[in-house]
Amino acid sequence: GRLASGVGNRRSAFVLGTNCLGGVLVNLSQFQVTKNLGALNMQVAGNLKTVFTAVLGVIIFKNVVTNQAFAGYSVTIAGVVLFHRTRSGSGEKTREGHATVEPASPHVAVKLAR
């Protein structure tokens, strides 16, 4: 009895430790990606990922998309395209080559970068 429970505890500890290490590595990689791309770009990519997931669901599992969902996906794609055009086509460039975003109100004194 004691030997079997000791082996089970070691295996459980190994699995738990491996799971924790995986979580730490995922978080560190997410921080690096966010640092390089910026939080706003990550949000846009997340929205686009949702659309791609829905498209794959339709292709693979034959999921039905309602008219309302289709309209939402269309608006999302249009927003991503508009964001990309606005981001790459205008704005002053920083030293690193990233576009800056000017605040909409002249009363806002902070200049947003990335």
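**Entry 1**

I then looked up the confidence by element and found the lowest mean pLDDT, 44, in strand β2, residues 112–113. The highest mean, 95, belongs to helix α2. Over the chain the average is 81, and 72% of the residues score at least 70.

I noted the ground rules here: this is a predicted model, local features need pLDDT of at least 70, side-chain atom pairs count only at pLDDT 80 or more, and totals for chains, interfaces and linings use all residues. Residues are numbered from 1 along each chain as its sequence is written, and side-chain values use heavy atoms, with hydrogens and water left out.

**Entry 2: the chain as a whole**

I listed three helices and two strands, in the order α-α-α-β-β from the N terminus. Helices (H or I, at least four residues) and strands (E, at least two) are DSSP runs, numbered from the N terminus.

I looked up burial next: 8% of the 114 residues are buried. Buried means under 20% relative accessible area, exposed over 50%, and partly exposed in between, with a 1.4 Å probe and protein chains only. The accessible surface (Shrake-Rupley method, 1.4 Å probe; for residues, only the protein chains shown count as cover) comes to about 9,400 Å², and carbon and sulfur atoms hold 66% of it. Of the contacts with a separation of 6 or more, 36% join residues 24 or more positions apart.

**Entry 3: α2 against α3**

I checked how helix α2 (residues 39–61) sits against helix α3 (residues 67–89): the angle is about 145° and the axes are 10 Å apart. Axes are lines fitted to C-alpha atoms, for helices over the stretch in contact, and angles run from 0 to 180 degrees between N-to-C directions.

I went through the residues that meet. On the α2 side they include Leu-40, Val-44, Leu-48 and Val-51, and on the α3 side Tyr-73, Ile-77, Val-80 and Phe-83. By class, the residues of this contact are nine nonpolar, three polar and one charged.

I picked out two pairs. Ile-77 and Leu-48 are 29 residues apart in sequence, with 6.9 Å between their C-alpha atoms. Ile-77, in α3, is partly exposed at a relative accessible area of 40%. Ala-45 and Val-80 are 35 residues apart along the chain, and their C-alpha atoms are separated by 8.3 Å. Ala-45 lies in α2 and is also partly exposed, at 40% relative accessibility.

**Entry 4: Lys-62**

I looked at the loop between α2 and α3, where Lys-62 lies. Lys-62 is not a glycine, yet its phi is positive, about 60°. Most residues other than glycine have a negative phi. Lys-62 is exposed, with a relative accessible area of 63%.

Key
Contact means heavy atoms within 4.5 Å. Ala, Val, Leu, Ile, Met, Phe, Trp, Tyr, Cys and Pro count as nonpolar, Asp, Glu, Lys and Arg as charged, and the others, Gly among them, as polar. pLDDT is the predictor's confidence in each residue, from 0 to 100.
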